Amino acid sequence: MQIYCFVSINLNLVPIVVVTFLSPYIKECKKIIEDWNLTHQLGANGTAIEVDWEEVQKFVKKCHEKLHQKCAPRIFTFHKVNTRIDKFQRFKDTRISPKVN
């Protein structure tokens with residue numbers, strides 16, 4: 001029996017280069033996200049992405065390849081993976097709790 005597993009990842013790729021701005025590298029990964037038609041939320045400390053479980057490593061590898069082509073000799077990457085099988089819930093279905101003062 002196959003169970004559908006909803007997967008979201010928080011991806012953070014850090015090119016190890018001698019520059020202080022990373023926007024050209026972020027732009028390249030964002031283009032890949034859009035080319036793959038993935039739902040995502042760009043954040044200050046990473047990007048939350050909805051992606052099929054089987055596609056996670058393929059997607060991360062594609063981003064690495066593109067950044068290496070952009071002359072990043074090293075890339076430090078970490079990603080957190082969130083899976084759930086109890087319900088199908090996309091980013092758009094979640095509600096953010098109001099701040100408590």
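Me: Which helices and strands each supply at least two residues of the lining of the largest pocket?
Reply: Strand 1, helix 1, strand 2, strand 3 and helix 2 do. Helices (H or I, at least four residues) and strands (E, at least two) are DSSP runs, numbered from the N terminus. The model is predicted: local features need pLDDT of at least 70 and side-chain atom pairs pLDDT 80 or more, while totals for chains, interfaces and linings use all residues. Residues are numbered from 1 along each chain as its sequence is written, and side-chain values use heavy atoms, without hydrogens and water.

Me: What makes a set of points a pocket?
Reply: On a 1 Å grid over the protein atoms alone, a pocket is an open set with protein on both sides within 12 Å along at least five of seven lines; a lining residue has an atom within 4 Å of a point. By that rule 20 residues line the largest pocket, and among those closest to its centre are Asn-12 and Gly-46.

Me: How many of the lining residues are nonpolar, polar and charged?
Reply: The lining has 14 nonpolar, 5 polar and 1 charged. Ala, Val, Leu, Ile, Met, Phe, Trp, Tyr, Cys and Pro count as nonpolar, Asp, Glu, Lys and Arg as charged, and the others as polar, so Gly is polar.

Me: Why are strand 1 and strand 4 said to pair?
Reply: Two strands pair if DSSP finds at least two bridges between them. Strand 1 (residues 6-16) and strand 4 are joined by 11 bridges, so they pair, and they run antiparallel. One of the bridges links Asn-12 to Phe-78 in strand 4.

Me: What is the strand order of the sheet?
Reply: The open sheet of 4 strands has the order 2-3-1-4, with antiparallel pairing. Strand 2 (40-43) and strand 4 (74-84) are its edges, each pairing on one side only.

Notes
1 Å grid on protein atoms, 1.4 Å probe; cavity = no way out; pocket = protein on both sides within 12 Å on 5 of 7 lines; lining within 4 Å.
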